[in-house]
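I opened this notebook to record what I looked up in one structure. The entries follow the order in which I consulted the model.

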Amino acid sequence: MFTLAEVASLSDIQPTYRILKPWWDVFMDYLAVVMLMVAIFAGTMQLTKDQVVCLPVLQSTVNSKAQPGTSGKADFTTVETTTAQGEEASMRTVSSGSAPTVTPDIFLSRATSSQYQSTESGQELKKEQKDSSGRKTNLDFQQYVFINQMCYHLALPWYSKYFPYLVLIHTIILIVSSNFWFKYPKTCSKIEHFVSILGKCFESPWTTKALSETACEDSEENKQRLTGAQSLPKYVSTSSDEGSPSASTPMITKSGFKFSADKPMIEIPSVTILDKKDGEQAKALFEKVRKFRAHVEDSDLIYKLYVGQTVIKTVKFIFILCYTANFVNTISFEHICNPKVEHLIGYTQFECTHNMAYMLKKLLISYISLICVYGFICLYTLFWLFRIPLKEYSFEKVREESSFSDIPDVKNDFAFLLHMVDQYDQLYSKRFGVFLSEVSENKLRGISLNHEWTYEKLRQHVSRNAQDKQELHLFMLSGVPDAVFDLTDLDVLKLELIPEAKITAKISQMTNLQELHLYHCPAKVEQTAFSFLRDHLRCLHVKFTDVAEIPAWVYLLKTLRELYLIGNLNSENNKMIGLESLRELRHLKILHVKSNLTKIPPNITDVAPHLTKLVIHNDGTKLVVLNSLKKMTNVAELELQNCELERIPHAIFSLSNLQELDLKSNSIRTIEEIISFQHLKRLTCLKLWHNKIVSIPSSITHIKNLESLYLSNNKLETLPAAVFSLQKLRCLDVSFNSIAVIPVEIGLLQNLQHFHITGNKVDVLPKQLFKCVKLRTLSLGQNCITSIPDKISQLLQLTYLELKGNCLDRLPVTLGQCQLLRKSGLIVEDHLFDALPSEVKEVLNQDTSIPFANGI
């Protein structure tokens, strides 16, 4: 027996899948139920009432109906008895209640008996003519039962006996065929997920909100058209790919830019409220729909199974109809039975009546009618299956009726399931399409984002940077919170890894904003917001993976002064660095490119006349073509770092206004070309650090105006005297080389303020070093120095002294006479400091508000 819980679970199957059963499937299910009832009804009647009643066919009756001599040709045998003299014998009849059975093989021997029986026979024949029902036979009850049972199996056609069971089997096959795809493991798992997700999407509060806002937008637009569209501003947005009316903003004049460019959104106070819990559930639904689509859209097994089961049902219908039509006339009330048991009962032919024939024939006709209707529906289903491509589904109508024009078309099993749902109710597909739209998902993310990132929370993340500016850094958010644009005193805004960032017109409130960072963040900007950025933005940092990710509006910021580009700009994309032509950036002063260039892009010359600083940081890719540098006559600062340069490029010698040159992290071995720098009268800073330079040519003396020379991390072993002829030199950095001796000529550098020789092989400090009385920074760490002369007290402006990593056994007491030196600026081992006299330590421990310089 089934438990109540099991029966209840069976009853839940149909409501669960009802949205995937079109009207013809439902109708066929009802037809199958009716056919099943017909089979059960017919089978029940057969089991309870089906029987055959047979009576023997007598010889006299046959003779009266047939021609003489034809009785021997019939299927039955007449029973005759004759006397020995040839007299005609007659059948002896006994009452139906007599037990013994008389066979025609027993002959009567006496004439009197034969005469008596002949007389009796004659009388019976005369009586039969008057009343045929009164004729008696010599069969008893058991013989009648025996004949009835034999004739039931011999005389009745098989279809009369097995028709109900055939109907039952056919109906079960049809029912199984109709529901196979709901039970097959490879399909039912997908169907269960689809039905579950579809129901949640249909009932989600976000679906109601999204569609209601669309309806409100449509009604508002219609109202505006009726009241006169000419009196209203046009709505334009550069983010046209969203295709959403709600994403557009009004174009307004500069005099009215304080209007936050919000399109007159029609807010529904009750139905559009979405709490945090509903928002999280809706976001989870978006993720489920995305994964389900990827899982189902790659195969068409459900479609093939449905087509296969429909074909099977159609073939089954044709087969049933063909053989049933042939056997329908075989069901009859009267039947002739020839059991061939004459030796037992004395009769060879019986006339039988089948009492269920009439009812079975009516049931069979009803069954044929049902199967015909069932077959026509199967044919219609096949027509529907092949009339349109069911493995493709278009949301074109939904896109037209809603603001979600980006709803993608789907294919294979995903498309077929949606076609099936449309037969139930098209509203399901419309509401389901909301969760296929990226615009819808972005709107939801925006709402959830605004719930989470309030003005107060954003204010807590605002900090002061090194330039003492208020800075906000947003990292890996789903979008830009609306409250960001309420931080009107913000100076720097950093957006990192925000793929759906959108800058709205409300940014016009941020009047202090001058610096914007977009790190892997292809931000979309509304028209009014772009107008504000074009007039106010001064510095822009863009970090990208591919050059195509650079927002197009970047190329049109006419007042931009600093542009930093960090990303992949290989040789194939070098032409793209033209940024749709840099000509519009008329006020650009600084261009910083960190990439993998093989040549300086020619389009940079578009901004060459007003560019003052050019920085190119390669990732180790060799920079070969540098001819474009010649056109940048106004460049004052040039950095070519990590470009695999082996020599100083000749194109640099044409930059007459060059003041600072940085060739850090290259492969320069020789700098003989340095003599050409004498033509660069304004060159004051030369940075050749992190190269492979082994010597400094004496021609360096021709760079008369040089103030800073950086040669650290090279392979120098000596310092030529020519270096110390640069009277204007204020900073000299030769750290991390192989220099063993500091030349005494160093005393000639009376303007030297910063001297760095850390990480060399120096063991003795010349006394002339302490004649550089303007020294503020002296780095002597990681050498072999054994003692510090007492003349160090002459360096009255010294604020930073590095001695750590040497062979010192004590520090000079005269350190206390360096008035500006404090313990924070003294880098030395602790035990050496502790060995100083207490009064010296007190002097060094004194607080001072005078800042010290650490050199680089």
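Is Thr 171 buried or exposed? I worked from a predicted model. I found Thr 171 to be buried, because its relative accessible area is 0% and the cut-off for burial is under 20%. I then placed Thr 171 in helix α7, which covers residues 158–183.

I next looked up the surroundings of this residue. Setting aside neighbours within four places in sequence, I noted Ala 32, Met 35 and Leu 36 in contact with Thr 171.

I turned to Leu 168, which also lies in helix α7. I recorded Leu 168 as partly exposed, because its relative accessible area is 31% and that class runs between 20% and 50%.

I then asked which residues make the nonpolar surface patch of about 560 Å². I listed Ile 40, Leu 168, Ile 172, Val 176, Phe 180, Tyr 184 and Leu 301. I noted that α7 gives the most to this nonpolar patch, with four residues.

I counted 21 helices and 26 strands in the protein chain.

Definitions and conventions. Residues are numbered from 1 along each chain as its sequence is written. This is a predicted model: local features need pLDDT of at least 70, side-chain atom pairs count only at pLDDT 80 or more; totals for chains, interfaces and linings use all residues. Side-chain values use heavy atoms; hydrogens and water are left out. Helices (H or I, at least four residues) and strands (E, at least two) are DSSP runs, numbered from the N terminus. Buried means under 20% relative accessible area, exposed over 50%, partly exposed in between (1.4 Å probe, protein chains only). Contact means heavy atoms within 4.5 Å. Patches are made of residues with over 30% relative accessible area and no salt bridge: like charges are joined within 9 Å, nonpolar side chains (Val, Leu, Ile, Met, Phe, Trp, Tyr) within 5 Å. Accessible areas come from the Shrake-Rupley method with a 1.4 Å probe; for residues, only the protein chains shown count as cover. A salt bridge is a side-chain nitrogen of Lys or Arg within 4 Å of a carboxyl oxygen of Asp or Glu.
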